Amino acid sequence: MGDPLNRLPFTFARDNQVLLNGTHVSAGPTVTAVGLREAQRRAGLTDVIFTQLSQPEFEAQLAKLYDGSDTGQDATNDQELSFDLEEAAFASRQRDLLDEPGDAPVIQLVNRLLRKAVLANASDLHVEPHEYGLRVRMRVDGFLQEVMDRADVPVKRIVSRLKVMAGLDISETRLPQDGRIALSLGGRMIDTRVSSLPGHYGERIVLRILDRSAGLMPLMDLGLSEAQQALLQRLASLPNGIILATGPTGAGKTTTLYSLLQLADRDEHNIVTVEDPIEYDLPGVSQSQINADIGMTFAAGLRATLRQDPDVILVGEIRDPETASTAAQAALTGHLVFSSLHANSSVGAIVRLRDLGVDNFLIAATLRGVIAQRLLRRLCQNCCAEHLPTSEETSHFTRHGLPIPEKLFEPVGCEACSGTGHAGRMGIFEMVEIGETLRAAIDRGATETEMASMSLSAGETLIGQGLMAATAGNVSLTETLRVVGDVA
């Protein structure tokens, strides 16, 4: 990637549309004379390789050159501060007093923390004041990792910096607040949701990080089997009904729903979404953001979309009786509705809909399929160790009528996986298609146990899927039991 010491500062390169990588100079369509002169000065006036780029090519090269993956950078380098606020993020906002020169170390520290979280593909960043200073942790692959715990940092100024960036009221420290920060890291667009919560030693800040440049995943990359992919293809092609994704927070429900939307023909269908937040920009899809403060709730947004002549509707979450009832009515009137619901299993979603006040006959008439999912940490294939199953481990397979594996695998830890023993995550899915038998059971008010026994075989449940993933060597048995639990 070239010598980082011979690069231009990120902000200068971006604003002047010029890149310097060793002796190679690349220019965007609106390159400035100042930028070219500085690049040639740094590279030397001889042996300069020059390339003219289009705007998309320039942005791609900018992101690649300043992705921050180089090691050994001095903390004071401009590259270290390549996180930039979008101008729109400061629109109609008070002047940022923390930009004074005396506070530059605070700005540098906050930028480094944000940059470290994005480069680690963290989903959340926790800023936690305590009695002796400040602790910062980030959640990677579902686990919190400590980034910093220091007593010599100005806690209140760091918290205030984050609040100003998020457009929060820095004078209000007694009430929770929510905001957002629009960031870019070397051309990668990052959307950050910020939540503050008053605590005993100061305000606690949690940032949910959404990488808009990550893109959507095709169904085959979600960890689905061929049979499960075929089932989702069939469900997504239905003319009407409700398809639900269930699971705890962070289980990947939204990613699954977005992937389902990709199956719809956007040229022939009008697809409308109501989300909180909008995690990815979907070309050809009309997306609306929830704002409960002004009355734009999921229920209100869903009612409004019905007047937009939609064919397919994505509702971010069904969390109250009004949204559940409106979604059912939308399905009855010929719309295909995708949504997420908090339930522990696929059949548990039916019980949850009953709890939200939807009648059994209405559930039976509108529900077409339910997907329950979890995310498990994949074993690092460079260092995982195999062992013979113990009697306690084989008992889990025996309980669920699954073949006992000849060997199982466990994490060890190496340089490739930073000593964690894991590399990335994979999804396991429990899918139920509502057929005639299950529809009749729902209509008569059958219990969750009855419905599960008639709709799922041993290998189709979440625990069954997890045990088979352990048999295949993709995950450890310990990881499966930690996430799913041995539930019959």
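At 35% relative accessibility, Arg303 counts as partly exposed, a class lying between buried (under 20% relative accessible area) and exposed (over 50%), computed with a 1.4 Å probe on protein chains only. The model is predicted, so local features need pLDDT of at least 70 and side-chain atom pairs count only at pLDDT 80 or more, while totals for chains, interfaces and linings use all residues. Residues are numbered from 1 along each chain as its sequence is written, and side-chain values use heavy atoms, with hydrogens and water left out.

Arg303 pairs with Glu322 in a salt bridge (2.4 Å, N to O), the term requiring a side-chain nitrogen of Lys or Arg within 4 Å of a carboxyl oxygen of Asp or Glu. This pair links distant parts of the chain, with Glu322 in helix α9 and Arg303 in helix α8, 19 residues apart. Glu322 is partly exposed as well, with a relative accessible area of 42%. Helices (H or I, at least four residues) and strands (E, at least two) are DSSP runs numbered from the N terminus.

Helix α8 covers residues 298-305, and because 6 of its 8 residues are buried, it is largely enclosed by the rest of the structure. Its buried residues are Phe298, Ala299, Ala300, Gly301, Leu302 and Thr305. Their cover includes β12 (271-275), β14 (312-315) and α9 (321-332), judged by contact, meaning heavy atoms within 4.5 Å.

By the rule above, the count comes to 20 salt bridges. One of them joins Asp124 and Arg208 (2.8 Å, N to O). Asp124 sits in strand β5 (residues 124-130) and Arg208 in strand β10 (residues 204-211), 84 residues apart. Asp124 is buried at 8% relative accessible area, whereas Arg208 is partly exposed at 34%. In another salt bridge, the closest N and O atoms of Asp355 and Arg352 are 2.6 Å apart. Both residues lie in helix α10 (residues 348-355), 3 residues apart, about one turn of the helix.

Arg368, in strand β16 (residues 367-379), is buried yet has no salt bridge; the nearest side chain of opposite charge, Glu433, is 8.6 Å away. For charge, Lys and Arg count as positive and Asp and Glu as negative, with His and the chain ends not counted. Leaving aside neighbours within four places in sequence, the residues in contact with Arg368 include Leu235, Asn240, Glu433 and Arg439.

Across the protein chain there are 16 helices and 19 strands, and buried residues make up 47% of the 488 residues.
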